[in-house]
There are 2 protein chains.
Amino acid sequence: MTGSTENQRAAPRSDATRATILAAARERFAADGYEKATIRAIARDANIDPSMVMRYYGNKAGLFAAAVSIDPQLPGLPVEPREEIGRTLVRHFLTLWEENGELTALMRVGATDPAAADRMGSVLREQLIPLARHVGPEPEQAPARAALCASAVLGLALTRYVLRFPASVALSREEIVDWLGPTIQRYLTAPTP
Amino acid sequence: MTGSTENQRAAPRSDATRATILAAARERFAADGYEKATIRAIARDANIDPSMVMRYYGNKAGLFAAAVSIDPQLPGLPVEPREEIGRTLVRHFLTLWEENGELTALMRVGATDPAAADRMGSVLREQLIPLARHVGPEPEQAPARAALCASAVLGLALTRYVLRFPASVALSREEIVDWLGPTIQRYLTAPTP
DNA sequence: AGCGTTGGCCAACACTTGTTGGCAACCATG
DNA sequence: CATGGTTGCCAACAAGTGTTGGCCAACGCT
């Protein structure tokens, strides 16, 4: 099964539908969450038979795992104007969220599924906390500071992209950066209050 | 059917199981979200037959509506040391969240169900925005300021009570007040950045 | 006692879900 | 041409869902 020693005869057209399924899955998961996004609905969106989804991705969990891959490249961020890191982070997360809607899906699912929740937590553990340790004072406070940053960023994502509060959706990118930037900056670098 | 012109003969013992069902429903909804919290599971928790749930609450939606009633009495808050309103609000929300877990249920459900999302939004509309209008400068900015406060508070609730990030759970009540208080204060009262 | 009302359970319905196996068409290679 | 693997669809399965109606036991009344 897909174990190919010499599979170079031009991409089979299955790859096309494979991608189509994945795209449909992303949209559905983002829009409806895990349970309400049924395989049948996803297959219908992709103009494909439900059984094909199973063939390509094994089961629903596998499809979800494939649909939502997350890695905000935090280590690649410019830390340099150190008093600007708050704004930089907010901008980074905003583009991240607007470019791929899978993040919304991940939040919707994480609200009920522990596995997805842990997946979000891994970003905190492996990227945000190290960043906080690197950029802020008193390294042993890094987890707390990072958690606060996460709550600020995810809170905005929640009200804006998941719950879609009109007042939150109405905020412009610049407003958000101007308001949230200093908050993140303080959470990361300010001395303990 | 239940159309009673004269139903005053002392609380029937059905009220007891009625309450038992409601309690079980709250826990299940909070723990599992709307779809995964099945009527059968709730009934099992309440040591009752599933059909009783239907009899008492009509249908699943009705049960959820009854289980999750939310009204943070924001208007009743002391606004007075006006430079303390940030801390006051954070403390208020923390106790609110710790006293009744239905709020966690509401967030879990709001992540996928638009009706529940709107229900959360109503709190913003009817209580937070008026508060922001009353306490902050430039009343026409009240929606934006209130939305930012909501994102901060809900973000913490998300990471702490829903996703249960260890780093967020580890925060003490005082730490949270000390960190989030100034943030809310700034969102509400600071001049436009 | 007999009566109706109430609180409760059981079994079943109709439906949707994820998932599986069999079968028809294609397409490149021998 | 034949062959074998790929790509796809159809029909069905078993399990779980919300929901309904009928039946039984206990209680309060006259």
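Buried means under 20% relative accessible area, exposed means over 50%, and partly exposed is in between (1.4 Å probe, protein chains only). Helices (H or I, at least four residues) and strands (E, at least two) are DSSP runs, numbered from the N terminus.

The model is predicted: local features need pLDDT of at least 70, side-chain atom pairs count only at pLDDT 80 or more, and totals for chains, interfaces and linings use all residues. Residues are numbered from 1 along each chain as its sequence is written, chains are lettered from A and ligands numbered from 1 in the order in which they are written, and side-chain values use heavy atoms, with hydrogens and water left out.

I then followed B:F29. Leaving out residues up to four places away in sequence, B:F29 touches B:L63, B:F64 and B:A67, among others. Its list also includes B:Y34, B:I42 and B:A105. Contact means heavy atoms within 4.5 Å.

**The core**

How many residues does the largest nonpolar core have? I found 132. Those with the most contacts inside it include B:F29 and B:L63, and also A:F29 and A:L63. A nonpolar core is a set of buried Ala, Val, Leu, Ile, Met, Phe, Trp, Tyr and Cys residues joined through side-chain atoms within 4.5 Å.

**Chain A**

I counted the elements of chain A: 10 helices and zero strands. Of its 193 residues, 50% count as buried. Residues 24 or more positions apart account for 67% of the contacts with a separation of 6 or more.

Last, I picked A:Y56, in helix α3 (residues 50–57) of chain A. Is A:Y56 buried or partly exposed? It is partly exposed, with a relative accessible area of 22%. Beyond residues up to four places away in sequence, A:Y56 touches A:S14, A:T17, A:R18 and A:I21. A:R18 is 38 residues from A:Y56 along the chain, yet their C-alpha atoms are separated by 7.0 Å.
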